[in-house]
Amino acid sequence: MKDILLGVDPREQSVPALVWAADEAVRRGLVLRLVVAVPPAHDGLRYDALARQSALGIRAESAIANAEDLIRYLHDGLRIATERVNGVPATVLRDMAQHAALVVVGSRRLSRPAEMFSESSVVAPLTARADCPVVVVRAPEHTAVYPPTVVVGVDGSESSRAAVSFAVEEASLREARLRAVWVWPRSVLAHDDGEEGLAERRRLLAESVAGWAERYPDVAISEEVLRGHPVERLALASQESLSLVVGRRGRGGYSGMRLGSTVHGLLHRAPCPVITVPLPQGERRTGDPAWSDRSRSGTADRPVPAAPLGTGPRPPPRGTVGRADAPGPSEGSAER
């Protein structure tokens, strides 16, 4: 049985991410695996570089011990495993995601250059390339709001169908309702902006969630077509939600860092945990650089384990959720 994987940051552990991961492990009856990665020293001949790495290793062991203590305080009977791995954090978590049910990480709110090129960046490369759903917890979820709601972004694509599948299960586990939202950007073409276009999107949205109400009769599913920018409207729709679930449609790009601009924008703007769901492995296209790059990378960037510490639908209209060519968030938006 797969575990829930929590990335422990030795510099600044995210308590909301830790609490979210522990609660989810209890709901799903899974082991919570705490993983901390210690980056390699870039200059092995310099004493100060080795000293910094040694200090980071000590800090990593302390961070994972503190995280385990807090989780045992919150859920005494939860099964926990801990592991320290030598390697780049994003690479370590990406490779371990192949055998995980979920990967949960916090947000360090890096600047844009740091997010794209820094070794400290975890959210962007992990979300773009992980084989399982990735949960980015920026702030505590809105558990005091009634009725509890999970929001899923829908655009008729295969990736959004995978997101709907995950979102329905998540809503059932949380005894929450599911709000399926299709965002329809305003078009400069008059013929694409009338009642016929609205009816088409409503039909595609209904097709995307068809059958789930019968499989999960305990989940009330609502369907909405909203007008506006996908990032803005989905962020607003999820303002008081338990989580926002979206499909991943990025193409990998340089080092697998590129995401669909809507997903990338939501990681910075959504006020609740964002869950990014990849396509099931059997449905991925062999020509997609995000996956072909994995097969070419060899073992050069793979982590080195350290001693463990413990145990056929119609294509959707343009401008929909998760398109790689859709407009992204404004340049002044908050960075992770």
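This is a predicted model: local features need pLDDT of at least 70, side-chain atom pairs count only at pLDDT 80 or more; totals for chains, interfaces and linings use all residues.

1. Let me start with a helix pair. Helix H1 (residues 15-28) packs against helix H6 (residues 158-173) at an angle of about 85°, and their axes are 11 Å apart. The two helices are therefore roughly perpendicular to each other. From H1, the contact uses Trp 20, Glu 24, Arg 27 and Arg 28, while H6 supplies Phe 166, Glu 169, Glu 170 and Leu 173. By residue class, the contact of H1 with H6 has 5 charged members, 3 nonpolar ones and no polar ones.

2. Glu 169 deserves a look of its own within helix H6. Its relative accessibility is 29%, so Glu 169 counts as partly exposed. Beyond its neighbours within four places in sequence, Glu 169 is in contact with Arg 28 and Tyr 216. With Arg 28 there is a polar contact between the two side chains, at 3.4 Å. Trp 212 is 43 residues from Glu 169 along the chain, and their C-alpha atoms are separated by 9.5 Å.

3. Which residues touch the most other members of the largest nonpolar core? They are Leu 32, Leu 34, Val 104, Val 152 and Val 245, in a core of 53 residues. Helix H6 gives the largest share of this core, with 7 residues. There is also a second, separate core of 34 residues, and Val 35, Cys 132, Leu 266 and Cys 272 are among its members.

4. Helix H3 (residues 89-96) has 8 of its 8 residues buried, so it is largely enclosed by the rest of the structure. The buried residues of H3 include the charged pair Arg 94 and Asp 95, along with Val 92, Leu 93 and Met 96.

5. A polar atom of the Arg 201 side chain lies 3.0 Å from the backbone oxygen of Gly 197.

6. Val 277 sits in strand S10 (residues 274-277) and counts as buried, at 5% relative accessibility. Its contacts, leaving aside neighbours within four places in sequence, include Ser 159, Ala 162, Ala 163 and Phe 166, as well as Val 245 and Val 246. Arg 161 is 116 residues from Val 277 in sequence, with 9.6 Å between the C-alpha atoms.

7. Two backbone details may be worth checking in your viewer. Most residues other than glycine have a negative phi, and most peptide bonds are trans. The peptide bond from Tyr 146 to Pro 147 is cis, with omega near -5°, and Pro 147 lies in the loop between strand S5 (134-137) and strand S6 (149-153). Glu 175 has a positive phi, near 55°, and is found in the loop between H6 and strand S7 (177-184). At 71% relative accessibility, Glu 175 counts as exposed.

Key: Residues are numbered from 1 along each chain as its sequence is written. Side-chain values use heavy atoms; hydrogens and water are left out. A polar contact is a pair of N or O atoms within 3.5 Å; within protein, one must be able to donate a hydrogen and the other to accept it, and residues adjacent in sequence count only if both atoms are side-chain atoms. Axes are lines fitted to C-alpha atoms, for helices over the stretch in contact, and angles run from 0 to 180 degrees between N-to-C directions. Helices (H or I, at least four residues) and strands (E, at least two) are DSSP runs, numbered from the N terminus. Angles under 35 degrees count as roughly parallel, over 145 as roughly antiparallel, 65 to 115 as roughly perpendicular and the rest as oblique. Contact means heavy atoms within 4.5 Å. Buried means under 20% relative accessible area, exposed over 50%, partly exposed in between (1.4 Å probe, protein chains only). A nonpolar core is a set of buried Ala, Val, Leu, Ile, Met, Phe, Trp, Tyr and Cys residues joined through side-chain atoms within 4.5 Å.
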